[in-house]
Amino acid sequence: MKKILFSIGQYVDLTIKVFRKPEKGPVFRKQIANEINNLGIDSLGIVAIISVFMGAVVAIQTAHNITSAWVPVTTVGFTTRESILLEFSPTIICLILAGKVGSRIASEIGTMRVTEQIDALEIMGVNSANYLILPKIVAAVIIFPLLVIISMFLGIFGGWLAAVWMHVVTTTNYYAGITMDFIPYEIFYSMVKTVVFSFLITSISGYYGYYTNGGALEVGRASTKAVVMSSILVIVFNLIITQLMLG
Amino acid sequence: MIETRHISKSFGDHLIIHDISIIFERGKTNLIIGPSGSGKTVLMKCIVGLLEVDEGQILYDDRTFTDMDFYEKKSIRQEIGMMFQGGALFDSMTVEENVMFPLTMFTTQSMEEKRERVNFCLNRVNLENVNKLYPAELSGGMKKRVAIARAISMNPHYLFCDEPNSGLDPKTSIVIDNLISEITKEYGITTIINTHDMNSVIEIGDHIAFIYKGKLWWVGNNSKILDTDNEELNNFVYATELTRRLKKQK
């Protein structure tokens, strides 16, 4: 318990250091652009592949489970849309990003710690926490929602592709399903979740990397811990936000 | 000049350095020597502010560093250059970007002026045509020289070197030692070097502080160290069979 409280205190302390004013505006903006590329654009491939296939699977599974003639065929499109918008794109994609981006951040910062690069920044008078972690948080908060929106489109597209190719439903029925009873608030809810998850993934991974102690083995451990803790907190906050916004 | 007054530092119940008072003079290469685990690195980290001391004061030219707030310490740090044991060059940046980094962060110089300064610093450490290389493409000696170039890029008043010769062959070690010594005298810098390399001690030890079991054991210079009657220091200086034989011959 004492260890958990110490870690929470250390995390809060680091977050305060992270949210100080950046040293130089142009440098900070350049770093954000780099991080958008490293954390976001580099993740586009995996997000696209998983979204298309998951959308396809959801459509096929829904069609498979419709056994009653009373259930309209538009249900396939409707269920695919709801699953993708509410849960798959914001939560599952963020869990995947927690693995990909979280481990990258923790190992990058952890390696800088064990090779004294962070000490070098501190000696120069640079706020190392702010310099290393804030651009990653800002970049993730900007780019993750965009990735999730792309994932939503591709997931629904994947569902359509599977439905039409497998002759589950026609394009007209699928389209009718995905446009049926659409509530724009659901997009807002998904975006709120994504922004919170982006912050959690980058700040927690940054925390584990920043406080790495030792050598290469500890960098690996920090990276694993960052992914596990980010994933757990994404799931916990998913429940909290869902209860607050939809409950 | 840098002065430590009765500084102590412990981690939990383990006392690492105890009541150390030393004056490191300007324009001299001040060496902190001692066996592994004696507290040299902790002492240096306390002086540069990477670790907070438990007791005592650290003064940079009569400015009490230990009493300063975050922003005052930050301004002092812009007068400090440090060369780390492994170089601590930023892996994701080229040599030019590494040396330019402090200038980019803390000056308003144009790109032209910064490039000129980078080239000057690289030439000063005898490096040419390495601007576009990454640290992974450099040899150990070259990394150390780039680290020195980065440390002097802001015209520091204080230069810290942590084990500058570790991992280098004896010939390259002498080159690095002489470079640090020349730069110290040329720019009138207060230089503190953390080492256990006896060659460095003899070559450039203008002022030497021997730390043993966390305490200041002996203070002197390279002309006095070989003739000391301090037992612990003698055990450190004449640790190898070769040096013991040379002592007997002497």
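## Chain A at a glance

Helices here are DSSP runs of H or I with at least four residues, strands are DSSP runs of E with at least two, and both are numbered from the N terminus. By that rule, chain A has nine helices and zero strands. Read from the N terminus, its elements go α-α-α-α-α-α-α-α-α. The C-alpha trace of chain A spans about 70 × 40 × 35 Å along its principal axes.

A quick word on the ground rules. This is a predicted model, where local features need pLDDT of at least 70 and side-chain atom pairs count only at pLDDT 80 or more, while totals for chains, interfaces and linings use all residues. Residues are numbered from 1 along each chain as its sequence is written, chains are lettered from A in the order in which they are written, and side-chain values use heavy atoms, leaving out hydrogens and water.

## Where A meets B

Contact means heavy atoms within 4.5 Å, and here it takes in 17 residues from chain A and 26 residues from chain B. Together the two chains bury about 1,900 Å², with 64% of it on carbon and sulfur atoms; buried area is the accessible area (1.4 Å probe) that two parts lose on being put together, summed over both. On chain A's side, A:Glu116, A:Ile123 and A:Met124 supply 35% of the area buried against chain B, more than any other three residues.

How many salt bridges cross this interface? The rule (a side-chain nitrogen of Lys or Arg within 4 Å of a carboxyl oxygen of Asp or Glu) finds one. B:Lys74 forms a salt bridge with A:Glu23, and their closest N and O atoms are 2.5 Å apart. As for chain A's touching side, helix H5 (residues 117–124) gives the largest share, seven residues.

## The sheet in chain B

Chain B has an open sheet of six strands in the order S6-S7-S8-S3-S9-S10, with mixed pairing. Two strands pair if DSSP finds at least two bridges between them. Strands S6 (80–83) and S10 (215–220) of chain B sit at the edges with a single partner strand each, so one side of each has no neighbour in the sheet.

Further in, S3 (residues 29–33) and S9 (residues 207–212) of chain B pair in the parallel sense over four bridges. Along this pair, B:Asn30 stands opposite B:His207 in S9(B).
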